[in-house]
Amino acid sequence: MKVSYDFRDSVVVVTGGGHGIGAGLCRAVAQAGGVAVSADIAPDPALSENAGPGHIDVERVDVGHGGELEEFLRAVIDKHGKIDAFVQAAAIQPRQFIEDMAPETWHRIMDVNLNSLFYAARVLMPHMKARRSGTIVAFASGLAQTGWAKASGYATTKAALIAFIKSIAREGLPYGVRANIIAPGITDTNLFTGPNDPEEQEFFRVRGGGVGTVDEVVPLLMFLISDASRSLTGALLSRDLIIHPSATTGS
Ligand SMILES: NC(=O)c1ccc[n+]([C@@H]2O[C@H](COP(=O)([O-])OP(=O)(O)OC[C@H]3O[C@@H](n4cnc5c(N)ncnc54)[C@H](O)[C@@H]3O)[C@@H](O)[C@H]2O)c1
């Protein structure tokens, strides 16, 4: 059984869309004929090359500044007429013991990972409710449940995002506006290799359920932003155990 998507006439905004999972999603949306808007503090202009049959707009946005994010989203709506899906992949994870963490660092983590979705939703919810259509996807993490030494700020935001998404899902329910959240499982991106020291990486590779790839996570996001999941809202899709190709062939 194979699935394919038709995203023609769809506008999908992906924060953190310059690298890792977000960039993979932008490529998949464009390949399905849609318009992907990649918004990242470190944009990758090469992302828009050979992206078709749809295309990728590459924008520099710091989601940690609420006003900048709101202005960017309004500009996307002005340019494309609508936003069908918004995916909040942008996140940071500075690792510090709590006694070493400056308040500025704590607040920056809250601003980038959590408060950004509040500012985005302030623009997106009225827009999507008026259109009686639209979907928002955020990212949780396994660390929201387990916690992790030196990752208190990151883990806190990921737990809070679950409650936030479930709440706006209820607000959107009468209007057909959906909001879901995915814990993608350990995935081989900068956000895995950057914060985790070699010992921690080995832990996740051997005992923590393994390390997945961007290509394994992207189809789950395509499902969440497409009509295929039209009856799903307020859900946490958690990919704690990763099925590797070797497992299915028995090798
Ligand atoms: N990789 C994993 O193992 C893993 C596990 C659980 C959850 N996640 C979640 O998946 C999502 C995607 O992460 P990823 O693994 O692709 O990591 P990544 O580091 O490759 O991507 C994150 C992106 O966010 C961007 N970004 C950071 N600060 C920003 C800001 N202020 N404004 C705009 N963009 C900003 C970065 O430039 C980067 O492109 C994140 O929300 C992360 O928390 C990842």
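This is a predicted model: local features need pLDDT of at least 70, side-chain atom pairs count only at pLDDT 80 or more; totals for chains, interfaces and linings use all residues.
Residue numbers start from 1 along each chain as its sequence is written.

The model contains an open sheet of seven strands, ordered β3-β2-β1-β4-β5-β6-β7, with parallel pairing. Strands (E, at least two residues) and helices (H or I, at least four residues) are DSSP runs numbered from the N terminus, and two strands pair if DSSP finds at least two bridges between them. Strands β3 (55-60) and β7 (236-238) form the edges, each pairing on one side only. From one strand to the next, the twist averages 15 degrees. Six bridges join β5 (residues 134-139) to β6 (residues 177-183) in the parallel sense; A138 has I181 of β6 as its bridge partner.

Helix α1 (residues 20-31) packs on this sheet and touches β1 (11-15), β2 (35-40), β3 and β4 (85-88), contacts being C-beta atoms, placed from the backbone, within 7 Å. The direction of α1 makes about 165 degrees with that of β2. Helix α2 (residues 66-80) lies across β1, β2 and β3 and runs at about 160 degrees to β2. Angles are taken from 0 to 180 degrees between N-to-C directions, with axes fitted to C-alpha atoms, for helices over the stretch in contact.

Within α1 lies G22, which counts as buried because it has 27 C-beta neighbours inside 10 Å (buried, 20 or more other C-beta atoms within 10 Å; exposed, 12 or fewer; partly exposed, in between). Leaving aside residues up to four places away in sequence, G22 touches V14, G16, G17, S38, V87 and A89. The C-alpha atoms of G22 and V214 are 8.7 Å apart, although 192 residues separate the two in sequence.

The ligand is surrounded by 28 residues (C-beta atom, placed from the backbone, within 6 Å), of which G16, H19, G20, F139 and L191 are the closest. Helices α1 and α6 (190-193) each contribute at least two residues to this shell. Its composition is 15 nonpolar, eleven polar and two charged residues, with Ala, Val, Leu, Ile, Met, Phe, Trp, Tyr, Cys and Pro counted as nonpolar, Asp, Glu, Lys and Arg as charged, and the others, Gly among them, as polar.

The largest nonpolar core comprises 67 residues, and V12, V14, V87 and L221 have the most contacts inside it. Such a core is a set of buried Ala, Val, Leu, Ile, Met, Phe, Trp, Tyr and Cys residues joined through C-beta atoms within 7 Å. Helix α3 (residues 103-131) supplies the largest share of this core, nine residues. Residues up to four places away in sequence excluded, L221 touches L25, V87, V137 and I182.

Technical notes
Two residues are in contact if their C-beta atoms, placed from the backbone, lie within 7 Å.
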